[in-house]
Amino acid sequence: MGYALTKAIPCFKGSLNDMAALCKPKYLGQPVQRYLKMAWSYSKDNFQTMANLKEEKAPPKMERLAQAHGKLEGKLDEFITSLSVDGYLGDTLVKNENASLWAAPLAAFADAFVSFGSSEQEQADRGPASLRDEREGH
């Protein structure tokens with residue numbers, strides 16, 4: 001998910017011409033759309049998990065992703081959930097100038113998710129003890 005979103009960030013932050021990289025027949029737009037939907041779903045689950053925590057301390061990376069999701073949900077939820085799994089994101093974004101409406105929030109979400117994923121990878125590289133240490137505040 002993070003790889004596809006990382007590849008899409010320059011398109012989201014660029015012009016309508018940059019969106020062409022996400023349009024059919026170029027391949028990139030299809031996996032970006034698919035993995036965007038998956039990342040959004042994961043982020044929604046994380047947001048709900050953070051909302052349900054009472055006194056427990058959550059890892060900061062999970063809190064940061066939940067905060068980003070909370071800020072962007074009203075702008076992106078309907079748009080992302082309405083996308084088909086196998087479509088090309090660029091085709092939807094360039095249609096009726098949707099890029100101007102969605103590009104900045106998509107870039108913000110992609111940045112937050114990629115940052116979250118980088119934290120996950122760093123943890124995996126350090127091994128399982130690092131997750132336990134983070135939960136215990138070490």
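1. A salt bridge here is a side-chain nitrogen of Lys or Arg within 4 Å of a carboxyl oxygen of Asp or Glu. By that criterion the structure holds three salt bridges. The model is predicted: local features need pLDDT of at least 70, side-chain atom pairs count only at pLDDT 80 or more, and totals for chains, interfaces and linings use all residues. Residues are numbered from 1 along each chain as its sequence is written, and side-chain values use heavy atoms, with hydrogens and water left out.

2. Asp111 belongs to helix α5 (residues 98-126) and Lys13 to helix α1 (residues 2-13), so the contact ties together parts that are 98 residues apart in sequence. Helices (H or I, at least four residues) and strands (E, at least two) are DSSP runs, numbered from the N terminus. For accessibility, buried means under 20% relative accessible area, exposed over 50%, and partly exposed in between (1.4 Å probe, protein chains only). Lys13 is exposed at 54% relative accessibility, while Asp111 is partly exposed at 31%.

3. Arg34 and Asp86 form another salt bridge, with 2.8 Å from N to O. Arg34 sits in helix α2 (residues 29-52), and Asp86 in the loop between α3 (60-82) and α4 (89-94), so this pair ties together parts 52 residues apart in sequence. Both side chains belong to partly exposed residues: Arg34 has a relative accessibility of 23%, and Asp86 has 47%.

4. The remaining salt bridge is between Asp77 and Lys44, whose closest N and O atoms are 2.9 Å apart. This pair links distant parts of the chain, with Asp77 in helix α3 and Lys44 in helix α2, 33 residues apart. Lys44 is partly exposed, at 30% relative accessible area.

5. On cysteines: a disulfide is counted as a pair of cysteine sulfur atoms within 2.5 Å. A search of the whole structure finds zero disulfides. Cys11 is in no disulfide, and the nearest cysteine sulfur, that of Cys23, is 9.1 Å away.

6. Are Cys11 and Cys23 buried or exposed? Cys11 counts as buried because its relative accessibility is 7%. Cys23 also counts as buried, at 11% relative accessibility.
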